[in-house]
Amino acid sequence: MVEVAVSEITLTVRHTGSAMLSFHLAFTVVFVIVLPTLTCSRYAESIHHLMEEDLYDQDLRPNHNGAPVNVSVFMFVTSIHSLSEISMDYGVTLFLSLHWGDPRLSFNGTEGIDLRSNSELLAKIWTPDLYFVNVKDGSLHEVTVSNKHVRISPDGHILYDLRVSLTLICHLYLHRFPMDKQSCGIQLESFGYTIRDMRLNWDTEVTVKLAPELVMPEFSIGDPQSFKTQPYYPGLGYYDQLECRFPLTRELIFYLMEYYVPSFLLVVLSWVSFWLNVEASPARASLGITTALTLTTLSSAARTHIAKVSYTKAIDIWMLTCSVFVFAAMLEFAMASYLHNKAQTKTKKLNQELLYSGSLLKNQLKSTDITIEESRTVSIDMILPHLSGLINTKSPNYPARIFRLSRNIDLYSRALFPLMFVIFNLVYWLTYLRGDMAS
């Protein structure tokens, strides 16, 4: 009997525990999941009913005929890409968050209403008519659904989020290219509401934020700078305009490896001809022509990826100076070769004159009845009167001087060309790099 009583008590306790567990589970489902859903649904139905009864006009701004509506803006930039020096534009992908108050949509409740992209109410509420002033092209993301979201708070405060991709105009100043710093911006403005109806302001906490993983392959991105202006349009009035600018510093390493180092080596290679014999004309000519053509090709490739502007860029000065050094080396070879050939011509002409003078002397000796045996004992004083007017006594030194001049040109060029190029490099890099640090 005792064992039966204990078993009944144990069974009763077990049933009581299961009932309590079921009660807690039901309480959680009802008050945590079901009731908030029903509450939000009831709030949404009340707003939907408000719009159906023509009590809400989405064409009229909040506080119509009253104080201007205040719209706060926040941007979260996820990507900055495709900055083009040719088309003067760049691409950006961002989340745009707008905050404003609409007392017409206030309701009694504790939970906000979220209107997703597939909600019918999303297209029936008033939203600011903002546009990007410097946009070329843009699109709202539609993958996998339309990337829009609205949250309505009980007090009528509205949060409007959307994700867009834009192609924006960016005016680039390339005087210091590729050691330049650029500043590309985003300009946001109301299309139809002046400052009497709408006031735009950056969010008080965070205006613009960049994604932590955001990088650009050619630029380093600085901290975004946000500010506000009020442009005036004749016949319309003043408009609030929000602008955010991204400081961009170009990375130099790509251009060093692609253009500066190869052109520097080509200039140094052109100096090899100074150490070649002046008589090695084919080798020196082929070396000069090869370096000149290669440098011209390299310079053309550098200009291909840059906009055709009316001013001189830093890389243009470098390429032009390198070309001048290479062509100067070719001119030096031409001058040395010309002097060397001229000296050879003078030497050959002098030898011919000596041979001709010797034959004339021989004939004159015969006419004076001096035998060969006697001519061996004739003094120079006796022969010179016969050579008077036949040989220029200064002409044997003239070819030697030309030979020395052609050799000295190469000797001086070996020191002068590197020295001038080093001076140019010091002036060039100190000017642009120091100016870059100062800016």
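Here are some questions and answers about the model.

User: What kind of model is this, and how are its residues numbered?

Analyst: Good place to start! This is a predicted model, in which local features need pLDDT of at least 70 and side-chain atom pairs count only at pLDDT 80 or more, while totals for chains, interfaces and linings use all residues. Side-chain values use heavy atoms, leaving out hydrogens and water, and residues are numbered from 1 along each chain as its sequence is written.

User: How many helices and strands does the protein have?

Analyst: Helices (H or I, at least four residues) and strands (E, at least two) are DSSP runs, numbered from the N terminus. Counted that way, the protein has seven helices and 15 strands.

User: What percentage of the residues count as buried?

Analyst: Buried means under 20% relative accessible area, exposed means over 50%, and partly exposed is in between, using a 1.4 Å probe and protein chains only. Of the 439 residues in the protein, the buried share is 36%.

User: Which strands pair with S1, and in which sense?

Analyst: Two strands pair if DSSP finds at least two bridges between them. S1 (residues 69–84) and S2 (residues 89–101) share ten bridges in the antiparallel sense. S1 also runs parallel to S10 (residues 208–210), with three bridges. Over five bridges, S1 pairs in the parallel sense with S9 (residues 198–202).

User: Which residue in S2 is the bridge partner of Met75?

Analyst: Follow the pairing of S1 and S2, which is antiparallel. For Met75, the partner in S2 is Leu96.

User: Which residue in the hairpin of S1 and S2 takes a positive phi?

Analyst: This hairpin has four residues between its strands. The residue with a positive phi, near 55 degrees, is Met88.

User: What is the volume of the largest cavity?

Analyst: Rolling a probe the size of a water molecule over the atoms shows where empty space is left. On a 1 Å grid over the protein atoms alone, a cavity is a set of points where a 1.4 Å probe fits but cannot get out, and lining residues have an atom within 4 Å of a point. Grid points are joined across faces, edges and corners, and a volume is the space filled by probe spheres set on the points. A search of the whole structure finds one cavity of 30 Å³ or more, and the largest cavity has a volume of about 60 Å³.

User: Which helices each supply at least two residues of that lining?

Analyst: The lining of the largest cavity includes Arg284, Leu287, Met330 and Phe333. The helices that each supply at least two lining residues are H3 and H4 (314–367).

User: Is Leu293 buried or exposed?

Analyst: Leu293 lies in H3 (residues 281–304). Leu293 and Ser323 are 30 residues apart in sequence and 9.6 Å apart in space, C-alpha to C-alpha. With a relative accessible area of 54%, Leu293 is exposed.

How values were computed: On a 1 Å grid over the protein atoms alone, a cavity is a set of points where a 1.4 Å probe fits but cannot get out, and a pocket is an open set with protein on both sides within 12 Å along at least five of seven lines; lining residues have an atom within 4 Å of a point.
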